[in-house]
Amino acid sequence: MEVSIHLEKIITQPIEVNWLHSNNTKLNVLRLDLIHPVISGNKWFKLKYYLATALANKSASIGTFGGAYSNHIVAVAYACKTSGINSIGIIRGEEPSVLSDTLLDAKHYGMKLHFVNRAAYRDTEIIKQHFEDTYWIEEGGYGTEGVKGAAEILAFAKNSQNYSHIICAVGTGTMMAGIIQSAQSHQTIIGISTMKGNFALHEKVKNLLDDKNQNNKYKIMHEYHFGGYAKHPSQLLQFMNETWQHQQLPTDIVYTAKAFYATKQMILENTIPKGSNVLMIHSGGLQGNRSLPDNTLLF
Ligand SMILES: *Cc1c(COP(=O)(O)O)cnc(C)c1O
């Protein structure tokens, strides 16, 4: 049975825990993960306008790029299926003998997968030439259409104007740019980079912002990557299990666990001042946890 997207399931979950009380800080989590068990919350928002453009152009297919566990790949496959347009996934690396759950889902949603070795994968322009009448979306949905969709996320948070700080995980920076775009001038947006030493992000986010938003308050933190993109040492897994047990908050190994951990540390270390009212965006991504051995997580 197919499960459809349910935006009405999004909730703003209050977090009750000692490290908040002792710092007189409030924390809520915007649960975009609840819209679908596999389709990542922020990806759905980011894809909306790319899809509309591809349909308006009457393109035969939508093509995009990603790795074997990519939230973006499976979200594109699903979005294309619901819109009745063909999808093409250019997958980084040689075809494995056993496909990941992510790729199996993408295939199930009708995506045509093409495996490309790592060297060739870098030359996207050459790859694109092999496909006719195809509307291309950059890896991770980076770009202004993605920002436009992500700018609709905050409207799902109750009383969103009351938050002093808004925290989100950062991959390409597209979601963060959308949040900055739609935030109020008194709010500070903090992005948690999930890659090691990805300092080019500052420029990438800046390039996505309109002139009128360039002066909005935002910063990107680089110390919460836990070893690098998708790295998940046992300390992180333990934190995820504790977060589930104590806050009933499921997180994913690539993005949201690191964002939640960063939120806790920044509150404890007063990087976020006492008395703040914080919103963390739970951007989804839980499907990626399927790459872990069984019983690693309690949820
Ligand atoms: C892709 C993704 C992000 C990062 O979004 P960007 O717009 O690429 O920065 C964050 N969280 C989850 C769950 C994602 O799937």
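Which atom of the ligand lies 2.7 Å from a polar side-chain atom of serine 283? A nitrogen atom of the ligand takes that place, as the views below set out. The model is predicted: local features need pLDDT of at least 70 and side-chain atom pairs count only at pLDDT 80 or more, while totals for chains, interfaces and linings use all residues. Residues are numbered from 1 along each chain as its sequence is written, and side-chain values use heavy atoms, with hydrogens and water left out.

View 1. A polar contact is a pair of N or O atoms within 3.5 Å. Lysine 43 places a polar side-chain atom 2.6 Å from an oxygen atom of the ligand. Glycine 173 instead uses a backbone N or O atom, 2.8 Å from an oxygen atom of the ligand. The ligand on its own has 380 Å² of accessible area (Shrake-Rupley method, 1.4 Å probe), and the protein covers 98% of this area.

**View 2. The shell around the ligand.** The ligand is surrounded by 15 residues (a heavy atom within 4 Å), the closest being Lys43, Lys46, Gly171, Thr172 and Ser283. Three of the shell residues are nonpolar, ten polar and two charged; Gly counts as polar, and Asp, Glu, Lys and Arg count as charged. Helices are DSSP runs of H or I with at least four residues. Helix H2 (41-56) and helix H8 (174-182) each give two or more residues to the shell, and H2 gives the most, with three.

**View 3. The ligand between two domains.** Domain 1 (7-37 + 151-291) and domain 2 (42-141) both contribute residues to the shell, so the ligand lies between them. These bounds come from an automatic or database domain assignment.

**View 4. The annotated span.** An unreviewed UniProt entry places the feature "domain: Tryptophan synthase beta chain-like PALP" at residues 30-284; such annotations may be inferred rather than shown by experiment. The end C-alpha atoms of residues 30-284 lie 10 Å apart.

Definitions and conventions: Polar contact = N/O pair within 3.5 Å; in protein donor to acceptor, adjacent residues only side chain to side chain.
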